[in-house]
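This report describes how parts of a protein chain pack together. Please look over the sequence and the structure before reading on.

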Amino acid sequence: MPLFHYRALRPSGGEIAGELDALDAHDAAQRLQAVGNYPIEITLPETGARLARRLAPSRRTVSARDRILFTRQLATLLGAGVALDRALALIAAAPGAKRRAQLGDELLAAINRGESLSAACRAHPALPAHYAMVIGAGEARGDIAGALARLADVLERGRETSRALGGALSYPASVLVVACLSISFLFAFVVPQF
């Protein structure tokens, strides 16, 4: 029998976590409920290959610009009343946007497997953790399009802030480099002459 990790609530309200041998996740939930606990999460421990793949740096990175455009496109399509799977298929079929199309295709495959959009985003290595959290909140409210629009705004502001910060730090960095070169020249050529 596989070993499942679980988190559950006691009847008193306290949270417990542990491991449990069970046939499947449903059997594990029944065993927890039989002793009076309320399961919150039941997962299989990650195998070595899955853990290594999750911890390894992803080659499928999506640039900040592509992530913003993908989010904005998905928000617009969902806001216009297009179904989620159709919207992802339209983004995946868009010409000239290889990374966005690949992201849309991978999320569409997860949606077709029965996962929620937030779970699919959480599992995708090219998307940050807060991306899935905001979408999960939108799913809970029943307004995924609004959550995606707000997320696109946040991503745009973050990109503008990082650009401004990079621009603000470029001058002090260049002054530091010139100062180091000048001091190196002085110590290498001028000081030995004295």
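Which residues does Phe70 touch, not counting residues up to four places away in sequence? In this predicted model, Phe70 touches Leu88, Ile91, Arg100, Leu103, Gly104, Leu107 and Tyr131.

## The largest nonpolar core

The largest nonpolar core has 24 residues. Phe70 is one of the five that touch the most other members, together with Leu74, Leu107, Cys121 and Tyr131. At least two residues of this core come from each of helix 3, helix 4 (84-92), helix 5, helix 6 (117-123), helix 7 (129-141) and helix 8 (144-193).

## Helix 3 against helix 5

Helix 3 spans residues 64-79 and helix 5 spans residues 98-112. Their axes come within 9 Å and cross at roughly 55°, so the two helices are oblique to each other. The crossing is right-handed.

On the helix 3 side, the contact is made by Asp66, Leu69, Phe70 and Gln73. These meet Arg99, Arg100, Leu103, Gly104 and Leu107 in helix 5. By type, the residues of this contact are four nonpolar, two polar and three charged.

Helix 1 covers residues 25-34, and its residues Asp27, Ala28, Ala29 and Leu32 are buried. Just after helix 1, Gly36 has a positive phi of about 95°.

Methods
Residues are numbered from 1 along each chain as its sequence is written. This is a predicted model: local features need pLDDT of at least 70, side-chain atom pairs count only at pLDDT 80 or more; totals for chains, interfaces and linings use all residues. Side-chain values use heavy atoms; hydrogens and water are left out. Axes are lines fitted to C-alpha atoms, for helices over the stretch in contact, and angles run from 0 to 180 degrees between N-to-C directions. Helices (H or I, at least four residues) and strands (E, at least two) are DSSP runs, numbered from the N terminus. Angles under 35 degrees count as roughly parallel, over 145 as roughly antiparallel, 65 to 115 as roughly perpendicular and the rest as oblique. A crossing is left-handed if the near helix is turned anticlockwise from the far one by less than a right angle, and right-handed if clockwise. Contact means heavy atoms within 4.5 Å. Ala, Val, Leu, Ile, Met, Phe, Trp, Tyr, Cys and Pro count as nonpolar, Asp, Glu, Lys and Arg as charged, and the others, Gly among them, as polar. A nonpolar core is a set of buried Ala, Val, Leu, Ile, Met, Phe, Trp, Tyr and Cys residues joined through side-chain atoms within 4.5 Å. Buried means under 20% relative accessible area, exposed over 50%, partly exposed in between (1.4 Å probe, protein chains only).
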